[in-house]
Amino acid sequence: MLKTLLLLPLLGAALLSVLPTRSVDLMRYAASLVAAATMGCAFLLVASFDPSGAEFQFFETRPWNPRVGSSLALGVDGISLPMIVLATVLSFVAIFSSTGIRSGARLYFSLLLALESSLLIVFTARDWSLFYVCWELTLIPLFFLIDRLGGPNRHRAALNFVLYTLGGSVFMLIALLLLYDVAPGHSFAMADMAAGGAQLPAPTQVLIFLGLLLGFGVKMPIVPLHGWLPLAHVEAPSPISILLSGILLKMGAYGLLRAAATLPAAVRALQDGLAVLALISLLYGAVLAWRQTDLKAMIAYSSISHMGIVLLGVASLNPAGLSGAVTQMVAHGLAAGLLFLLVGLLYERTHTRELGDYGSLNRSAPRFAVCIAFTLLASVGLPGSAGFVAELQVLVGAYRRWGGWLAIVSLAVLISAAYALRAIRCLTSDRERPAASAPAAVGGFPDLSRGEAVTAGLLSLGIVAIGVYPAPLLALMAASMARLAQQLGV
C-alpha cells in the first residue's frame with residue numbers, strides 16, 4: 001500500500017505524457033483523478049494503521065547502495081501519517097483548482113504530480129540518504145513552476161528559493177555525513193544514525209544539530225532564515241502557494257522532529273535558544289503581516305508566525321507541546337491552503353490583491369465572504385477550529401517549561417487577531433467609495449462556483465472536524481509522541 005501511494009503520482013505524470021496537448025481540461029481532470037486516488041490511498045493507510053503502536057508500521061527496506069550503507073527504507077508512524085494525509089489533500093486541492101492554467105498544462109500538472117511523490121517519500125523515508133535526495137528533488141519542480149508561471153518578479157523569487165534552500169542543505173549534508181561516520185556499520189538508516197548520535201558527547205551533538213537546524217530552519221522558515229518566503233509566495237501561482245505554505249514549510253518542521261530524536265542531548269542543551277527563536281518568529285511574522293496590504297504577502301508573513309508556534313512546541317520537549325506542534329502543522333496547512341485558494345480565486349476574478357480595492361463582498365458574493373471570513377478567523381485560532389486546539393496544546397506544553405514568559409505569545413495572538421479582523425473589514429464592509437477607485441471587476445464579483453465551493457468545503461471540513469473533535473488525530477499521534485518524548489529524555 002505504501003509503494004502504491006508513492007508511485008501513483010509518478011504513474012499519473014507518465015499518463016499525462018500520452019494525452020493530447022490541446023486537451024487542457026482533460027489533463028486537469030486526469031491529474032485530479034490521480035491526486036484523488038492518492039488521497040484515497042492515504043486514508044486507507046490511516047484506516048490500516050494501529051495507533052496503539054509506537055513503532056514504525058508498513059516498514060520495508062531494499063538495498064540501494066550497499067557500499068555506502070544506503071537503502072530504500074520506508075515506514076510511517078503517528079508523526080509522519082498526518083503529514084502524508086495533509087500532503088495528498090493539498091495536492092488534490094492545488095491540482096483541481098488550477099483552472100487558470102491554459103499554456104504548458106502538460107508540464108505544469110506533471111511537475112505537480114512529481115512534486116507530490118517527492119513530498120510523500122520525504123515523509124515516509126527511514127533512511128537519511130533517501131530523505132536528503134527527495135528533499136532536494138522537491139526543488140526542481142518548484143523552481144520551474146515559479147519561474148515559468150509566476151508573477152513579474154518570478155525569476156528572482158525562484159532563484160531566491162533555490163539558493164536559500166541549497167545553502168541550508170549544504171550544512172544539513174555535512175551534519176548527516178558526520179552522523180554517518182559514527183553510525184554502527186556506517187549506515188544511513190535513521191535508527192542506526194540515531195544510535196550513533198546518542199553516543200556522542202553533548203558539545204559534538206550541538207554542533208551537528210546546528211547544521212541540521214540551518215537546513216530545516218530555512219524551509220520552516222525560522223527568522224532570520226526566512227528571506228525567500230514572502231517573495232516566493234507573492235510571485236508563485238496560487239495553487240503553488242497552497243503547496244508552499246501548506247506542506248513545504250512542514251517538511252522543515254518534520255525534519256526538525258526527526259533531528260531532535262537523533263540528537264537528544266543537543267536539543268536539551270539548545271531548548272531555551274529554540275524557544276527564543278520561536279518567540280522572535282511569532283512576533284516578527286505577526287507584526288509584518290499586520291503591515292501588509294497585499295493579501296498574499298499578509299498570508300506569507302503570517303505563516304512565519306504560525307511556524308513559530310510549531311517551533312515553540314518542539315522546544316518544549318514534552319508530549320503536550322510536541323503533540324501541539326504536529327497538530328499546528330496540520331491546522332496551519334489546512335488554513336493556509338484554504339486562504340491561498342480563496343485569494344487565488346479573488347485574483348482571477350479581479351486581477352488585484354490589494355485590500356483597499358475590495359469591499360461589500362457579503363453583498364455580491366455571500367458564500368465567498370463567509371468562507372474567507374471563517375478562514376481568516378480560523379487561521380488565528382478561533383475556538384472550534386483546528387488552530388485553537390493546536391495552540392492550546394503548545395501553550396500548555398510550553399507553560400510547563402517557561403511559565404510567565406509566554407505572555408509574549410499573547411501579544412503575537414492579539415496582533416494576529418488585528419490583521420485578520422482588518423482583512424475581514426476591508427473585504428466585507430459596506431464602506432462608501434468612489435466607483436472610479438476600484439477595479440471594474442470588483443463591482444460584479446461572481447460568487448463561488450459549485451466546484452470551488454466543494455474544494456473550499458473539503459478544507460473547511462478538516463479545520464472544523466479537528467477543532468470540534470480532535471480525539472482521532474491526537475490518538476493517532478499519542479504513542480509516537482510518547483516514544484519521542486522518551487527518546488528526548490523528558
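Modeller: Leu 137 counts as partly exposed because its relative accessibility is 36%; buried means under 20% relative accessible area, exposed over 50%, and partly exposed in between, with a 1.4 Å probe and protein chains only. The residue belongs to helix 5, which covers residues 128–137; helices are DSSP runs of H or I with at least four residues, strands are runs of E with at least two, and both are numbered from the N terminus. The model is predicted, so local features need pLDDT of at least 70 and side-chain atom pairs count only at pLDDT 80 or more, while totals for chains, interfaces and linings use all residues. Residues are numbered from 1 along each chain as its sequence is written, and side-chain values use heavy atoms, with hydrogens and water left out.

Strand 1 spans residues 57–65 and runs antiparallel to strand 2, residues 70–76, with six bridges joining them; two strands pair if DSSP finds at least two bridges between them. Across this pair, Arg 62 faces Leu 72 of strand 2. Four residues lie between the strands of the hairpin, where Gly 69 adopts a positive phi near 80°. In a regular strand, side chains alternate between the two faces of the sheet.

For a contrast in accessibility, take Thr 455, which is located in helix 21, residues 450–468. Thr 455 counts as buried because its relative accessibility is 4%. Apart from neighbours within four places in sequence, Thr 455 contacts Val 93, Phe 96 and Leu 341, contact meaning heavy atoms within 4.5 Å.

As for the whole chain, its secondary structure comprises 22 helices and two strands. Buried residues account for 62% of its 490 residues. Of the contacts with a separation of 6 or more, 80% are between residues 24 or more positions apart. The C-alpha trace extends about 70 × 60 × 40 Å along its principal axes.
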